[in-house]
Amino acid sequence: MKKRVLATMMVFSLMITTILSVAVSEKGSVAKKNRWGGDEMDDWPLSITCNPDFPIIGPNVGEVREESVGQLQYDKGNRTVSFSVKNYSPKIVKIVKKKKGGLNTPMLVISAVALVVFLVFVALTVRNILIEDKPAEPVMEEVPQTALPVAADYTTESRDLLGKLVIRDGGAEYLPDMLDRFKPLYAANSDTIGYLKIPGTSIDTVVVQSDTDNGLTGKYKYLKNDFYGEFTKYGNAFLDYRCGKYTLSTNTIIYGHTTEDGQQVFYDLEKYMEPEYFKKNPIIEYSTLYNTYRFKIFSVFSTTVNAEDDGGYVFDYIYPTMDEEDMRGYLAGVQERELYHTGVDVAPTDKILTLSTCSYLFHTNGRRITARLAVVARMLRDGEDEAIDPTLVTAHSDYRRPQAWYNAVGQPNPYKDSAKWAPKY
């Protein structure tokens with residue numbers, strides 16, 4: 001936005017400079033006459049010499065009309081140098097009586113008005129840059145009953161998390177009605193679109209989304225960049241570029257790295273492969289810039305990302321927009337792949353949240369199979385208890401694996417003839 005403002009100011013300044021230079025430097029025609037007669041002229045024809053840069057022959061009012069001119073002479077640039085006027089015209093007097101080097105008063109008036117407009121423009125531009133400038137149309141959504149109140153210490157937590165957070169006081173352009181607790185983060189990076197926290201775990205992080213992400217090219221800004229856009233192998237938690245920034249998609253998808261050193265944002269996500277960890281930490285909090293929501297985890301599963309590892313098929317769990325029919329097929333695929341049964345029910349009408357990271361679960365017998373681990377939760381329903389029933393958490397030892405895994409361990413694939421669900425595009 002500021003680049004557009006600066007460009008506009010430069011163009012406007014150029015216009016003002018041009019107008020002023022014309023007004024000051026324009027020279028009128030010099031009349032060579034036998035004598036002046038006030039507003040009348042005699043001893044015709046009158047010989048007139050013109051400044052070649054400003055010839056006065058033309059079709060406009062106040063100019064000598066070509067049909068009234070005789071004895072034309074031209075310079076090398078084919079500009080009128082001198083001519084004689086055949087007939088008297090009072091309108092000509094206003095032009096031919098201009099003295100060499102005279103100022104163009106009407107142009108000066110126009111320039112003065114334009115200069116005033118320019119100064120007002122500059123003042124308003126500076127004001128918009130230095131203070132909060134909100135877009136005309138607010139972006140809001142209905143606040144469900146499950147939305148959380150604003151935490152009093154949220155901003156403090158955000159500062160502690162980021163450490164070197166830099167706030168541009170007065171320089172940020174905030175979105176209308178966004179929650180105050182997000183303003184320090186948004187001022188530091190306008191790609192900020194939310195915040196993710198799983199109580200009882202190390203996952204407590206700002207979430208960003210880049211407009212330059214592209215799934216076709218596989219380029220994702222925050223896959224290898226931190227919150228400040230600086231290169232790091234740890235990256236930053238980021239929202240799928242197809243998901244809504246300010247409202248929840250049917251499937252809101254957040255990506256993050258995981259390793260064994262504990263420094264990456266989804267380090268604890270792998271712990272959900274164990275049922276006991278889920279029992280202790282079943283709730284996820286996710287905030288947009290406008291609301292905070294609570295989700296209950298209903299499935300933990302892993303799946304391959306390369307079609308050649310699963311008979312030419314990829315389970316497309318990272319699809320943000322699904323109707324109820326798509327959701328039924330998706331949920332059936334999830335249930336086949338979940339590492340254990342959580343006992344948490346889910347309906348095709350629920351909004352879900354997917355946290356996705358790398359997985360090494362299927363590496364076996366020297367065969368490396370690239371996969372992803374997904375922890376999936378649904379939004380808490382109005383009046384629903386956050387607690388889960390631990391007695392409903394049961395084993396699922398024969399969960400669906402990619403065909404390459406069955407080949408590597410020498411076992412038949414019990415899901416060989418199962419449906420290969422894909423969303424409608």
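## Close-up views of a predicted model

**View 1. Arg 378 and Glu 384 are joined by a salt bridge.** At 1% relative accessibility, Arg 378 counts as buried in this predicted model, whereas Glu 384, at 24%, counts as partly exposed. The side chains of these two residues meet in a salt bridge with an N to O distance of 2.7 Å. Both residues belong to a network of salt bridges that also links Lys 296, Asp 345, Asp 350 and Arg 381.

**View 2. Arg 400 forms a salt bridge with Glu 336.** The closest N and O atoms of this pair are 2.7 Å apart. Arg 400 is buried, with a relative accessible area of 5%, and Glu 336 is partly exposed, at 21%.

**View 3. Asn 365 sits in the loop between strand 12 (352–359) and strand 13 (371–379).** Although Asn 365 is exposed, with a relative accessible area of 63%, a polar atom of its side chain lies 2.9 Å from the backbone oxygen of Ala 408. Leaving aside neighbours within four places in sequence, Asn 365 is in contact with Ala 408 and Val 409.

**View 4. Leu 196 belongs to the largest nonpolar core.** Of the 78 residues in this core, Leu 196, Ile 254, Tyr 286 and Tyr 330 touch the most other members, and the largest share of the core, 7 residues, comes from strand 13. Beyond its neighbours within four places in sequence, Leu 196 is in contact with residues including Ile 254, Phe 266 and Tyr 286.

Notes
Residues numbered from 1 in each chain as written. Predicted model: local features only at pLDDT ≥ 70, side-chain atom pairs only at ≥ 80, totals over all residues. Heavy atoms only, no water. Helix = DSSP H or I, 4+ residues; strand = E, 2+ residues; numbered from the N terminus. Buried < 20%, exposed > 50% of the residue type's maximum accessible area, 1.4 Å probe, protein only. Contact = heavy atoms within 4.5 Å. Polar contact = N/O pair within 3.5 Å; in protein donor to acceptor, adjacent residues only side chain to side chain. Core = buried A, V, L, I, M, F, W, Y, C linked by side-chain atoms within 4.5 Å. Salt bridge = Lys/Arg side-chain N within 4 Å of Asp/Glu carboxyl O.
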